[in-house]
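Please look at the structure below with its charged side chains in mind. The paragraphs that follow lead through some of the contacts between them.

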Amino acid sequence: MPQQALAEILAFLPCATPVPWLDAAVERQDVLLIDHANCEKKAAGTALSLIYKYIDRAPLLDKMSKLAREELRHFEQVLEIMAERQVAYVHVSASRYAAGMHQLVRRQEPFKLVDTLIVGAFIEARSCERFAALAPRLDPQLGRFYTSLLKSESRHFRDYLTLAQQAADGDIGDRVAAFAAREQELVESPDPEFRFHSGPPAG
């Protein structure tokens, strides 16, 4: 991943991932992988949902169809790593992160689409930031895998943000700022459960 792209993501995000979360991720790689698989699956589902709902937006259909394919491929790759490591794909509850972000999404169109796309941009950007921060801390196989994801995930971040700007047909700075404040709260405040997008462990 070019340093310029990573710098763009770090400038977009309101804060860095807290070190206690990174420490927990290294210690709980089974849950990390399971929830990572869930995140890839949900990302593909979100893209497909947008394709079904907004059939009159050609740029969105093009970007989301590519994104869905890539996210499903990442899902398959995580499953392969889990199988190699004998990590059972068991149910884990969803983190508070996505639900907390979606609480700010407005209900009327086109504002709902704009906000949904901004949430997508934050999810992809935070994923990139965590992949980059985790890669040096993990074993070579998992470190290489997370590094390999950075290129496509950074592109997804830019696609979501560009589509949000197009849907708004104007400046989205105020909305990005509102979601950034919520995102920082979710990332920095203690979290009772460890998940890929959770805050630092409580206690």
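What follows is a walk through salt bridges in this model.

This is a predicted model, in which local features need pLDDT of at least 70 and side-chain atom pairs count only at pLDDT 80 or more, while totals for chains, interfaces and linings use all residues. Residues are numbered from 1 along each chain as its sequence is written, and side-chain values use heavy atoms, with hydrogens and water left out.

A salt bridge here is a side-chain nitrogen of Lys or Arg within 4 Å of a carboxyl oxygen of Asp or Glu, and a search of the whole structure finds 15 of them. One of these joins E109 to K53, with the closest N and O atoms 3.8 Å apart. E109 sits in the loop between helix 5 (96-102) and helix 6 (111-134), whereas K53 belongs to helix 3 (residues 29-53), so that distant parts of the chain, 56 residues apart, are linked; helices are DSSP runs (H or I, at least four residues), numbered from the N terminus.

A salt bridge of 2.8 Å, N to O, also connects the side chains of R85 and D139. Because R85 lies in the loop between helix 4 (58-84) and helix 5, and D139 in the loop between helix 6 and helix 7 (140-168), the pair ties together parts that are 54 residues apart in sequence.

R106 is partly exposed at 29% relative accessibility, whereas D115 is buried at 0%, where buried means under 20% relative accessible area, exposed over 50%, and partly exposed in between (1.4 Å probe, protein chains only).

Note on methods
Helices (H or I, at least four residues) and strands (E, at least two) are DSSP runs, numbered from the N terminus.
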